[in-house]
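Please open the structure in your viewer and keep the sequence beside it, so that each selection can be followed in both places.

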Amino acid sequence: MLALAFCLGLPVTASANGLEPPYLTILVTHPPKDLELTLVLEDDASQEPFVLQPEPMLWESYYRFYPHIWSPWAPEGTPLQTATLFVKTGGESFSLAVEPKGFTYSNNLVTLDVAGRQLLYGQPWWRIPLLVFLRVALTLLLEGALFWLFGYRLRRSWLVFLLANLITQGAVNVCVHLLVPVATSAYNTLVLGMFLYTPLEIGVLLVEMLAFALLLKEHRKRRAVGCAALANLLSWALGGTLLFLLPI
């Protein structure tokens, strides 16, 4: 408390970034093994080429460019220079202009269509629905197996199980995809997993324990609460693993 009061009493002005500086992530789905990406920044006097290194994640790869680290060219708003992406694969090469909007925000995502030789600003429309489906389906399989082992057989019990899990797991995945940057880095995944995913899963645990205790009539409430607690602890571990294994 004394240290805090001392800091507040200092007649000093401090400035800090509330958000990380702008950077560019190039998303490539099913990238060729020999794919090479080079980003060239140009102005009237010089050119700055930067060879981008891949970060593979199952069927995707991410290529990141951090202007504030690699180059004095750190745009604010509309950049003054021209950026060109050079793509080389299969013994062929082509170039694509990167528009200024690709560097405007903190988390800029561009999807490279290698076969079509074009850039999509954002991500494919099917990407998030697919990832949400995979996470929810795997969670339902795990918790459903445990639900069966706890002796629940009635149709009504399974309807309660499905409804509770679809609502809670759907809400968790929507929050993750709304609040977590697309194709985020491993470090950001770790931080967000601790400070975002953990509280969400605690909330899911409490909600499902209450729902099972109130709505499941096939066995005693003690069994229903125990089933919900164990199932959600296991799915918590599975979900945390999937954060690192599946794309976001």
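This is a predicted model: local features need pLDDT of at least 70, side-chain atom pairs count only at pLDDT 80 or more; totals for chains, interfaces and linings use all residues.

If you colour the chain by secondary structure, you will be looking at 6 helices and 9 strands. Of the 248 residues in the chain, 40% count as buried, while the accessible surface comes to about 14400 Å², with 67% of that area belonging to carbon and sulfur atoms. Among contacts with a separation of 6 or more, 68% are made by residues 24 or more positions apart.

Next, colour by pLDDT and select residues 67-70, which form helix H2, the element with the lowest mean pLDDT, 60. Then select residues 60-65, where strand E5 has the highest mean among the elements, 91.

Now turn to a sheet. Select strands E3, E2, E6 and E7, which lie in that order in an open sheet of 4 strands with antiparallel pairing. At its edges are strand E3 (47-52) and strand E7 (92-98), each of which pairs on one side only. Looking across the sheet, you can follow a twist that averages 20 degrees from one strand to the next. In general, the strands of a sheet pair through backbone hydrogen bonds, either parallel or antiparallel.

Which residue of E7 is the bridge partner of Leu85? Select Leu96, and you have found that partner.

Notes:
Residues are numbered from 1 along each chain as its sequence is written. Side-chain values use heavy atoms; hydrogens and water are left out. pLDDT is the predictor's confidence in each residue, from 0 to 100. Helices (H or I, at least four residues) and strands (E, at least two) are DSSP runs, numbered from the N terminus. Two strands pair if DSSP finds at least two bridges between them. Axes are lines fitted to C-alpha atoms, for helices over the stretch in contact, and angles run from 0 to 180 degrees between N-to-C directions. Buried means under 20% relative accessible area, exposed over 50%, partly exposed in between (1.4 Å probe, protein chains only). Contact means heavy atoms within 4.5 Å. Accessible areas come from the Shrake-Rupley method with a 1.4 Å probe; for residues, only the protein chains shown count as cover.
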